[in-house]
Amino acid sequence: MTMTATAIALNRFGLGARPGDGPIDDPRRWLEDQFARYQPTIMQADLLATRTQVVQDLLDYRAAQRAFRIAKAAASAQAAGGQPSGMVSTGAPPQPGTMAMAPAMPTPPPLALTEPKSMVRDQHILQAGRRIRNAVATDTPFVEKMVHFWSNHFAISVDKMELVGLGGLMEFEAIRPHVLGRFEDMLVAVEQHPAMLLFLDQAQSVGPDSVVGTRASRNGRGNVGLNENLAREIMELHTLGVRSGYTQADVTEFARALTGWTVTGIGRGGLPRPLTDPLPVGSFVFAPMLHQPGERTILGKRYDQQGEAQARAILADFARSPATANHIATKLARHFVADDPPPSLVNRLAKAYRNSNGDLPTVYRALISAKEAWTPTPAKFRDPWNWSIAMYRALGSDRSDKFAAAPDRNLVGAFVELGQPIWRPGSPAGFDDIAGSWAAPDALLRRVELASRIAAQAPATLDPRALAGRVLGDSLSPATAATIASAESPREGLSLMLVSPEMLRC
Amino acid sequence: MIDRRSLLARSAAALALGALNPTLLHAATAATNKRFVFIIQRGAADGLHIVPPMGDPAYGSLRAGFLDSLHGAHQLDATFSLHPSLTRLAGFYDSKQMIAVQAVASTYRDRSHFDGQNILETGGTQAYAEKQGWMNRLLPLLPDGRALALAADIPMALRGAAPVSSYAPSGLPQAQDDLMLRVNRLYGDDPQLSALWTQVMQTKGLVGDLAKSRGQSPADLGRVAARMMAGPDGARVLMMETGGWDTHTGQTGRLATQLDHLDTLMGAMVDGLGPAWHDTLVLVATEFGRTAAINGTNGTDHGTGSAAMLVGGDLQGGRVMADWPGVAQGALYEARDLRPTLAMEALISGALAQHFGLDPALVARRLYPAQQNLRVATI
């Protein structure tokens, strides 16, 4: 199987060909032209709650849960009535039969006994649904694929309740606006986003010698102090890269510099209200009372800035570091070109990054003009995200009504089944970007099952032979075409097209 | 997975209200109790194995390798028998409620499944030329043509101007085993994918577990079909799709399973219909038949003439309908396939005219406008 330049532009650089997308006269030009057309705002963004609404919901939910627990305990105590108090304190929930067996007892009021509900899960589904639909519909698939790349580079994992409703917002608010900007700006936007500050515990971190830290140690509260989580992952994962020469002392110094970076409403509990009152909840705030005073030394350089500016200066240096250029060049080359990227390409991308001070379009242009990126042999095994989006795009308008009518939760749930739940890689390192992590027997079986379910809903009028030609073009191998054509029904033929080697790789 | 659940929820709610679906409740002029069901066998079912001509001297040598699988076949007449998996259908035959049809084919004479199914369903003479299906064109002829497809999407045969509703029970039984085998072929030349798929096939015990692990049993599907046709508001025209008939390899085992499913589905539907069965006619048909001879992989390849079945509570059945051309080498079509001697379109027009009490010529004209001189078969 060999890919034409059109197929490479559409599938390797983009998110998958739609019927009739090709052929493209000048594929390189087609990719660069997307920069001007890219829309930073996600499709249907107006459907989403703001981060302030999400955080306020969390605060309300927590309060409601406290009230619920108290009401439940009270009802339970009342139901237990004359029984010895020792029985009540076992905490066992009242059994439905208990009251019926004691008819003399007054029935406890069922008032506050409705379990509180939070909107965060619905928001997560809504956000992930917007991400999927945007990816399927976009006319700037190369830039969108870059958004997905950076979102996974700056991975958060929505495992904690506080993060569930914020995960997607980080991609929409911190990644999307900067995907065609400077790396440093994206870096700062990400590290100041509440999702990241909460995910890597920065919102809890307190400088030991800060106002709050000093007070806590005076009061004998040992659970207040420095948290190095974000500082370490910024250096290891977001910028310099692991084993690039920094030490534990550098990490600790950076963690001290970062103290004070927190989130209003949901960050450090002890934050005095007046400090954050002017800001809505869910905002990034620099809280001087949490900040470790003094100058810091990192990788041999002194930082004597005050307040927020200190960590900002460090981040700026990290963003300009050759180690970061190398780290990012390697990941980009791996994402677009090969699991084991050619060093020549990595060097060229790193150079483009360094020479432009991390201007991302310059780096993308270097990728587009790299001959290594245009090898006709498919080099990447699509991960579940890229395969699914390519599949939905391949089906194109032939099933646009079905796709539009599909509930978000079904679309989002499919990624859980395929082993790549959206914004939930389970680790700050994000999802793996090599075939070995995705090309496994069970994972492949799940893809076949999903393809078959989707094909079962394709319109009866669909001819998979024609569709395969329109989507895969000259990349369609005679063997795949023959297997599709000999299927026992058009839908089976469609299933086969969707799991063909041409669709699984790019 | 996409919207089957929502469809299910919608239909379940409609059922609870005693109606099928708002779109089914159109133009209820005069109620009819007559019901018609089309079960399509996608993939070219081997009529020579389903209604085997055991009495044809040429058959035994032609199909020597398959004869063991026909042990216990139910004898229909001097020439034909019924595959042993079809026990309920054999019972219907004995009670005069079934007609086995042999050597039947649509106008299609090539051997592509998609094109063949398209012509079988549209009633056209050219693949993908006609945009409506003959079942849809039947609806205006009926006093109360409420139609339903038991499928996620309306199959070609039911598509057209007349309103049709569709209902997908959670997970129709799909021919997953067939898909698994074809994926195996798809990955044949790809070292990485074929290695992975070999492991899948090994861990899954080759095939078969998938269809059972999800979705409904054939009996469930039969019961759902019966329920959908029940009562004064139920569907009067219904279509179901079955797959797994494209038996290029290991035919005897796969066909036995598929026929068992078909038999179970039919039995459950008839049981579910109760007294309404006497107003019901079922057509089982496939796009084309398979080669007369066994191929090199214990299967058969795409052919021409095949078998069909009419089953109905009020049918004057218990007979085989065939102008039997025989399977001796000289009798075969293009020296390889069963020669068709009956037009599928003639069979369908005749059966529907008789069942609904309509003028056969009118039915043929409306259902098959592309075929001017169709001679309707007398059922």
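So, pLDDT is the predictor's confidence in each residue, running from 0 to 100. I'm starting there because what we have on screen is a predicted model, and I'd like you to know how far the predictor backs each part.

Let's take chain B. Its mean pLDDT is 86, and 86% of its residues reach 70 or more. For the model as a whole, the scores are ipTM 0.84 and pTM 0.78.

What is chain B built from? We've got 13 helices and eleven strands. Of its 379 residues, 55% count as buried. And if you take the contacts in chain B with a separation of 6 or more, 73% of them come from residues 24 or more positions apart.

Okay, on to where the two chains meet. How many residues does each chain put into the contact? It's 39 from chain B and 39 from chain A. On the chain B side, the elements giving two or more residues are α1 (4-16), α5 (113-122), α7 (176-186) and α8 (191-203). By class, the chain B side has 16 nonpolar, eleven polar and twelve charged residues.

Over to chain A, then. The domain assignment gives us four: domain 1 (5-34 + 381-504), domain 2 (51-101), domain 3 (200-319) and domain 4 (332-374). Domains 2 and 3 of chain A touch, with seven residues of domain 2 in contact with five of domain 3. The domain 2 side of that is four nonpolar, two polar and one charged.

Last stop, a helix pair in chain A. The axes of α6 (residues 120-137) and α22 (residues 408-417) come within 9 Å and cross at roughly 80°. Angles of 65 to 115 degrees count as roughly perpendicular, so that's what we call α6(A) and α22(A). Which residues make the contact? From α6(A), it's Ile125(A), Leu126(A), Ala128(A), Gly129(A) and Ile132(A), and from α22(A), Asp408(A), Arg409(A), Leu411(A) and Val412(A). Sorted by class, they come out as six nonpolar, one polar and two charged.

That's my tour, thanks everyone.

Note on methods. Residues are numbered from 1 along each chain as its sequence is written. Chains are lettered from A and ligands numbered from 1 in the order in which they are written. This is a predicted model: local features need pLDDT of at least 70, side-chain atom pairs count only at pLDDT 80 or more; totals for chains, interfaces and linings use all residues. Domain bounds come from an automatic or database domain assignment. Two residues are in contact if their C-beta atoms, placed from the backbone, lie within 7 Å. Ala, Val, Leu, Ile, Met, Phe, Trp, Tyr, Cys and Pro count as nonpolar, Asp, Glu, Lys and Arg as charged, and the others, Gly among them, as polar. Helices (H or I, at least four residues) and strands (E, at least two) are DSSP runs, numbered from the N terminus. A residue is buried if 20 or more other C-beta atoms lie within 10 Å of its own, exposed if 12 or fewer, and partly exposed in between; C-beta atoms are placed from the backbone. Axes are lines fitted to C-alpha atoms, for helices over the stretch in contact, and angles run from 0 to 180 degrees between N-to-C directions. Angles under 35 degrees count as roughly parallel, over 145 as roughly antiparallel, 65 to 115 as roughly perpendicular and the rest as oblique.
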